[in-house]
Amino acid sequence: MHCAFELEREQFDFLEITDQSEAELIDRVPVVPGEIRIGDRAYLQAERIAKVMAQGGDVVVRASWKNARWLDANGRAFDLIGYLENCREEVCETPARLTLKKGEPVKMRLIALRKSEAAAQEARRKINKEARAKGNKVQPQTLIAAGFVLLVTSLDREEFPADTVLKLYRMRWRIELAFKRLKSLIGLRSPPAKDPRITRPWILAHFLIALVTEPLSQELGVSPP
C-alpha cells in the first residue's frame, strides 16, 4: 500500500495498491507545486527527488552516508564522514549536491543533528547487534554516522533555517500514528486470503472507511470513532 498523508489536515490523500515488485518512490504521488514532501531513508533517491523539484515541490529526506554519491558546493567529491568528525556544534549545515545518472547534480542542503550520547550509543548497539546476526562486519564510518541525524532538503535556507527543517522532519511520527489508527480503529491488518480477487477489495474497503471518517473527524474535532 503506497500512501501519502497530508500532515496539515491529518488525512490520507493518496492511495495506490501494487504487488511487492513496486518500490517506495518519493515521486509516486502527483506533485502539487509548493508542497513539501517528508520521507525517511528509503526516499533518498536522487533521480526521484530531482523530478519532484522539477515539478515545483520541495523535499525533506532522512539521509545516510553511503546511499548517495555526495558532492560539495563546487561539484567535488564530498567527504561526509570527515565533515561529521569535524562537526563541533549540535547542528551543522553545509551545501551539498546529489549526483544523478544523467544531468546536473541536485543542489541540496545537508543538515546534521548530533544525537545525545545515550541515543548514539543505542544506535551503535543496534547496528552491531544486527551485523553480528547477519555475520557482517560494521564499517567504522557507519558507527560515526550513527551519532547524527542526517537530513537533506531543497528548502530555502532563509525561509527554512536548520531548526525549522528538523522540526518538520519530526512531524513524520504522525504518519506512524495514522497507520496505527488504521490497524486499531478501522481493523486494517493482514487480509483474510492471499487471492488478489479477495485481498484487493478487502484492503480498498478499509481505506474507503478511512477516507469517509477522516473528514468527519476533522469537522467534529475528535479522533476517528
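Colleague: Is Cys 3 buried, exposed or partly exposed?

Modeller: A residue counts as buried under 20% relative accessible area, as exposed over 50%, and as partly exposed in between, with a 1.4 Å probe and protein chains only. The relative accessible area of Cys 3 is 24%, so Cys 3 falls in the middle class and is partly exposed.

Colleague: What pLDDT do local features need here?

Modeller: Residues are numbered from 1 along each chain as its sequence is written, and side-chain values use heavy atoms, with hydrogens and water left out. This is a predicted model, in which totals for chains, interfaces and linings use all residues, side-chain atom pairs count only at pLDDT 80 or more, and local features need a pLDDT of at least 70.

Colleague: Which two cysteines form a disulfide, and are they buried or exposed?

Modeller: The structure holds 1 disulfide, a disulfide being a pair of cysteine sulfur atoms within 2.5 Å. The two sulfur atoms are 1.9 Å apart, and the link is right-handed, with 85 degrees about the S-S bond. With relative accessibilities of 3% for Cys 87 and 9% for Cys 92, the partners are buried, and their names are Cys 87 and Cys 92.

Colleague: How many salt bridges does a search of the whole structure find?

Modeller: Side chains of opposite charge can pair when their charged atoms come close. A salt bridge here is a side-chain nitrogen of Lys or Arg within 4 Å of a carboxyl oxygen of Asp or Glu. Glu 16, Glu 22 and Arg 28, for instance, are linked in a network of such bridges, and the number found in the whole structure is 14.

Colleague: How many residues apart in sequence are the parts tied together by Glu 10 and Arg 174?

Modeller: The side chains of Glu 10 and Arg 174 meet in a salt bridge, with N and O 2.5 Å apart. Glu 10 lies in the loop between strand S1 (2-6) and strand S2 (11-16), while Arg 174 lies in helix H6 (residues 173-184); helices (H or I, at least four residues) and strands (E, at least two) are DSSP runs numbered from the N terminus. At 22% relative accessible area Glu 10 is partly exposed, whereas Arg 174, at 18%, counts as buried.

Colleague: Within what arc do the buried residues of H3 fall?

Modeller: The buried residues of H3 are Ala 120, Ala 123 and Ala 131. Seen down the axis, they line one face of the helix, and the face turned away from them carries the exposed residues Ala 118, Lys 129, Arg 132 and Ala 133. The arc is that of the directions from the helix axis to the C-beta atoms, and the buried residues fall within 70 degrees.

Colleague: Which residue just after H3 takes a positive phi?

Modeller: Lys 137, in the loop between H3 and helix H4 (140-145), is exposed at 79% relative accessible area. The residue just after H3 has a phi of about 70 degrees, and its name is Gly 135.

Colleague: Which residue has its backbone oxygen 2.6 Å from a polar atom of the Thr 199 side chain?

Modeller: Thr 199 has its place in helix H7 (residues 196-220) and is buried, with a relative accessible area of 15%. The backbone oxygen that lies 2.6 Å from a polar atom of its side chain belongs to Ala 193.

Conventions. Polar contact = N/O pair within 3.5 Å; in protein donor to acceptor, adjacent residues only side chain to side chain.
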